[in-house]
Amino acid sequence: MKQNWKVIIAFAVIYFVWGTTYLAILFAIKDIPPLLMSAMRFLLAGVTLYIFCLAKNEQHPDYTSFLKIMFRGILMLVGGTVSVTWVEQYLPSSITAIIVTSVPFWFVLLDRKQWSNYFSNKILIIGLIVGFVGVALLTSFSHTGSPDSPQTARRTIAILVLIAGGIAWTSGSLISKYKPTGHSLIMTTAIQLIVSGFFCLFISIFSGESDHFYFPQVHSIAWLGFLYLAVFGSIITYICYLWLLRVKPAAQVSSYVYVNPVVAILLGGLIGKESITPLHVLSLAIILFGVLLINLSKYKMLKAKKTRTKYQVTNKKYTNEKYCA
């Protein structure tokens with residue numbers, strides 16, 4: 001029963017909090033360059049968790065495990081999370097959140113261990129097609145200005161970066177799911193955050209992004225957004241996500257994309273004053289319908305697998321009892 005409550009609370013956190021981070025990012029990057037903000041966010045969260053680990057005498061991973069943890073953290077945090085932060089310079093938070101709903105499609109396409117089950121299911125394949133139609137519809141009508149304008153080019157690049165970030169996030173998630181290092185969840189999270197923070201800081205300095213940045217110019221709303229992202233987005237929610245990957249199927253954990261865009265769109269329109277068009281709503285509905293088809297198919301396969309396993313165990317037990325008798 002206690003485990004069930006933990007699962008419910010963890011899902012509630014990733015459903016709601018990650019939906020609010022899109023708006024928090026929008027506020028934070030108004031005054032703080034995106035890569036520098038991500039570096040500060042990850043380092044603050046990572047160092048805080050690491051101090052907590054030291055206080056609890058958590059075991060440090062060996063060199064091989066450290067490299068594995070580091071690589072997964074860069075895939076998920078730098079590839080996935082930072083891509084969202086960088087993209088919001090050029091795309092509204094609502095559109096960004098809608099495109100991120102394509103993550104479950106990458107879970108299907110990249111989860112090779114499940115391909116024999118996935119691609120033998122017609123409903124799942126239809127779900128993939130429907131979802132990509134929704135993404136294509138959104139990206140096709142999200143451009144403004146002439147096709148050759150710099151703004152259109154930047155938005156196109158931003159969309160491609162966001163899609164690549166989704167692939168990186170999914171890859172890191174699947175590696176974490178199928179090849180766990182066996183180390184403490186808190187220590188693993190702390191290492192991933194710290195390494196990703198220094199990685200972002202290096203890129204920010206090398207790219208010259210932070211050359212004209214001055215701390216006194218940062219307004220209080222940007223600092224509030226940054227602190228919210230560090231505490232709630234990077235510590236609480238990320239830990240909940242990694243823990244859920246350990247105890248629940250990856251496809252089920254990815255269902256947070258149902259709620260995140262709705263929260264992001266509502267907050268973006270009400271607080272961020274972003275325009276929400278009927279095309280945005282239509283695209284979101286099409287994508288989520290595709291995700292629904294995918295998850296329904298996978299839930300049915302998972303349920304059937306559990307039923308077969310239960311039957312096999314029961315049948316084996318009955319056979320053994322009969323033999324012993």
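Predicted model: local features only at pLDDT ≥ 70, side-chain atom pairs only at ≥ 80, totals over all residues.

A contact here means heavy atoms within 4.5 Å. Residues are numbered from 1 along each chain as its sequence is written, and side-chain values use heavy atoms, with hydrogens and water left out.

**Whole chain**

Colour by secondary structure. The protein chain has 13 helices and zero strands; helices (H or I, at least four residues) and strands (E, at least two) are DSSP runs, numbered from the N terminus. Now colour by burial, where buried means under 20% relative accessible area, exposed over 50%, and partly exposed in between (1.4 Å probe, protein chains only). Of the 325 residues, 49% count as buried. The accessible surface is about 16600 Å², with 69% of that belonging to carbon and sulfur atoms; areas come from the Shrake-Rupley method with a 1.4 Å probe, and for residues only the protein chains shown count as cover.

**The aromatic cluster**

Select Trp18, Trp169, Tyr238 and Tyr241, which form one aromatic cluster. Rings of Phe, Tyr and Trp (its six-membered ring) pair if their centres lie within 6.5 Å; planes under 30 degrees apart count as stacked, over 60 as edge-to-face and the rest as tilted. The whole structure holds eleven such aromatic pairs.

Move on to tryptophan 169 and tyrosine 238: the ring centres are 6.4 Å apart and the planes are at 55°, so the pair is tilted. Here helix α8 is linked to helix α10, and tryptophan 169 and tyrosine 238 are 69 residues apart. Relative accessible area is 7% for tryptophan 169 and 2% for tyrosine 238.

Is serine 173 buried or exposed? At 0% relative accessibility, serine 173 counts as buried. Leaving out residues up to four places away in sequence, serine 173 touches Met76, Phe107, Tyr241 and Leu245. Of these, Phe107 is one of the buried residues in α5, along with Val103, Pro104, Phe105, Trp106 and Val108. Six of the eight residues of α5 are buried, which leaves the helix mostly covered.

**Cavities**

Switch to a cavity display. On a 1 Å grid over the protein atoms alone, a cavity is a set of points where a 1.4 Å probe fits but cannot get out, and a pocket is an open set with protein on both sides within 12 Å along at least five of seven lines; lining residues have an atom within 4 Å of a point. Grid points are joined across faces, edges and corners, and a volume is the space filled by probe spheres set on the points.

The whole structure has two cavities of 30 Å³ or more. The largest cavity holds about 350 Å³. To centre the view on it, select Tyr22, Gly80, Thr81, Val84 and Val100, which lie nearest its centre among 24 lining residues. Helices α1 (2-28), α3 (63-87), α4 (93-100), α5 (103-110), α8 (150-178) and α10 (220-247) each supply at least two residues of this lining. By class, the lining has 14 nonpolar, nine polar and one charged residues; Ala, Val, Leu, Ile, Met, Phe, Trp, Tyr, Cys and Pro count as nonpolar, Asp, Glu, Lys and Arg as charged, and the others, Gly among them, as polar.

The second largest cavity holds about 140 Å³. Its lining includes Ile69, Arg72, Ser176, Leu245 and Arg246, and α3, α9 (185-207) and α10 each supply at least two lining residues.

**A pocket**

Finish at the second largest pocket, about 190 Å³. Select Leu110, Asp111, Arg112, Lys113, Leu174, Ile175, Tyr178 and Lys179, which line this pocket. Helix α8 gives the most to the lining, with three residues. The lining divides into four nonpolar, no polar and four charged residues.
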